[in-house]
Amino acid sequence: MEQNSFHIIPSEQFSKEKWNNLIEELNYQGLYCRYEYLQHFCDDWICISNHNQKLLLPVPIRKKMGITYAYTPSFFPQTSIIGKYNEDDIVRLSNKLLSIVHYGDLFLQGGLLTNKKINHAIKTNFTLASSNWQNKINDHHKRALEKANKQNFEIQESIQAPVIIALFKQNYKNKIGHVSNKDYNRLLEWCGQQPNTIQTYCAYLNGEIQAAAILFYHRNTVYNMLNVVTEKGKSTRANYSLYAHILDWCNKQSSRLDWEGSDIPGIARFYEGWGSEKHMYHHYHINALPFPLNYFKR
């Protein structure tokens, strides 16, 4: 391979061992870009790589009418640029990406892609180091937690994932129409296949679930993947009792909680109110379609 050149590598050219060894050598410690996660939650994916595979960008893709486009699979919050790079590397990586991906959206940790055919917006994620979390929460969350604690919630762990997913669909079906039954089935399969990765919690009051969560645990990070609060749970502050319990568990494991990104004001306030730190990541909208499609598909 020519030095400084970039290449497109189909996912089928990697085995689980080869890919995971590559990213670990490049000090990637996250969950989403591991081989098993990409394979399970993406319809398909490719890797944009430099000549010696020391810089990698996995990209979830689909194809329609002969056009390859980037998409964000459900329960796959973001991909990452893996490895060390400079500005010239990012320019070449961007150009190589556009040579195969002509449309779509990419949520990304890492360097700023540069090309006039890629629009860019900043998104916000929150993480919380769980040690001494009680001393980090703001006054609003302290009052809400005091109210929740008066309700005597029973927090149960290891609840079957189908129970939580059914409650989620029941409460949010009008808000998350983009999540298909196929997506939920993938999540259920992952929960069944990765028992050491999954944490499930429900907050019960008088025998009724008022809040619940599914989280993924990987290398001392707990990823907040799915959370549901019922209408009753909102008034009783059930979610505050639920996450106080989760943070106590994280603290015992010396783990941090990764809330996953949200720019919805109410959700962002809930995450930030625990004393969480903000982290920026990128939302790219790609439109490299040929004329006149590029005008009809903005």
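Me: Which residues of helix α4 (residues 139-149) are buried?

Reply: This is a predicted model, so treat every value as computed from it. In α4, the buried residues are His-141, Ala-144, Leu-145 and Ala-148. Because they span an arc of only 100° around the axis, they sit on the same side of the helix.

Me: What does the face of α4 turned away from that buried side carry?

Reply: That face carries exposed residues: Asp-139, Arg-143 and Glu-146.

Me: What is found at the start of α4?

Reply: A side-chain oxygen of Asn-138 comes to within 3.3 Å of the backbone nitrogen of His-140.

Me: Now the strands. Which strands pair with β7 (residues 103-109) in the parallel sense?

Reply: For each pairing, take the direction, then the number of bridges, then a partner residue. Strand β4 (residues 67-70) pairs with β7 in the parallel sense over 2 bridges, and Ala-70 has Gly-104 as its bridge partner in β7. Strand β5 (residues 79-80) also runs parallel to β7, joined by 2 bridges; there the partner of Ser-80 is Gln-109.

Me: Over how many bridges do β7 and strand β14 (residues 277-287) pair, and is the sense parallel or antiparallel?

Reply: They pair over 6 bridges, in the antiparallel sense. For a residue to look at, Leu-106 stands opposite Tyr-284 in β14.

Me: How should I think about side chains along a strand?

Reply: In a regular strand they alternate between the two faces of the sheet.

Me: How many salt bridges does the model have?

Reply: The count comes to 10 salt bridges. For each one, look at the distance, the separation in sequence and the exposure of both partners. Take Asp-43 and Arg-186, whose side chains meet at 2.7 Å, N to O. This pair links distant parts of the chain, 143 residues apart: Asp-43 is in the loop between α2 (35-41) and β2 (44-50), and Arg-186 is in helix α6 (residues 181-193).

Me: What does a salt bridge within one helix look like?

Reply: There are two cases to compare. In the first, the side chains of Arg-92 and Asp-89 meet at 3.3 Å, N to O. These residues are 3 apart in helix α3 (residues 87-100), which means about one helical turn separates them. Arg-92 is partly exposed, with a relative accessible area of 30%, while Asp-89 is buried at 14%.

In the second, the side chains of Lys-234 and Glu-231 meet at 3.0 Å, N to O. Lys-234 and Glu-231 are 3 residues apart in helix α7 (residues 231-236), again about one helical turn. Lys-234 is partly exposed, with a relative accessible area of 39%, and Glu-231 counts as exposed at 57%.

Me: Which residues are linked in a network of salt bridges?

Reply: Glu-24, Arg-34, Glu-36 and Arg-219 are linked in such a network.

Me: How many aromatic pairs does the structure hold?

Reply: It holds 29 aromatic pairs. One of them, Tyr-37 with Trp-190, is edge-to-face, with 5.1 Å between centres and 70° between the planes. Tyr-37 lies in helix α2 and Trp-190 in helix α6, so the pair ties together parts 153 residues apart in sequence. Both Tyr-37 and Trp-190 are buried.

Me: Which residues form one aromatic cluster?

Reply: The cluster consists of Phe-126, Trp-133, Tyr-240, Tyr-243, Trp-259, Phe-270, Tyr-271 and Trp-274.

Me: Where is Ser-276 placed, and which residues does it contact?

Reply: Ser-276 is in the loop between α9 and β14, and is buried with a relative accessible area of 10%. Leaving aside neighbours within four places in sequence, Ser-276 is in contact with Phe-126, Thr-127, Leu-128, Trp-259 and Tyr-271. With Trp-259, the side chain of Ser-276 makes a polar contact of 2.8 Å. Trp-259 is also one of the aromatic cluster residues.

Definitions and conventions: Residues are numbered from 1 along each chain as its sequence is written. This is a predicted model: local features need pLDDT of at least 70, side-chain atom pairs count only at pLDDT 80 or more; totals for chains, interfaces and linings use all residues. Side-chain values use heavy atoms; hydrogens and water are left out. Two strands pair if DSSP finds at least two bridges between them. Helices (H or I, at least four residues) and strands (E, at least two) are DSSP runs, numbered from the N terminus. A salt bridge is a side-chain nitrogen of Lys or Arg within 4 Å of a carboxyl oxygen of Asp or Glu. Buried means under 20% relative accessible area, exposed over 50%, partly exposed in between (1.4 Å probe, protein chains only). The arc is that of the directions from the helix axis to the C-beta atoms. A polar contact is a pair of N or O atoms within 3.5 Å; within protein, one must be able to donate a hydrogen and the other to accept it, and residues adjacent in sequence count only if both atoms are side-chain atoms. Rings of Phe, Tyr and Trp (its six-membered ring) pair if their centres lie within 6.5 Å; planes under 30 degrees apart count as stacked, over 60 as edge-to-face and the rest as tilted. Contact means heavy atoms within 4.5 Å.
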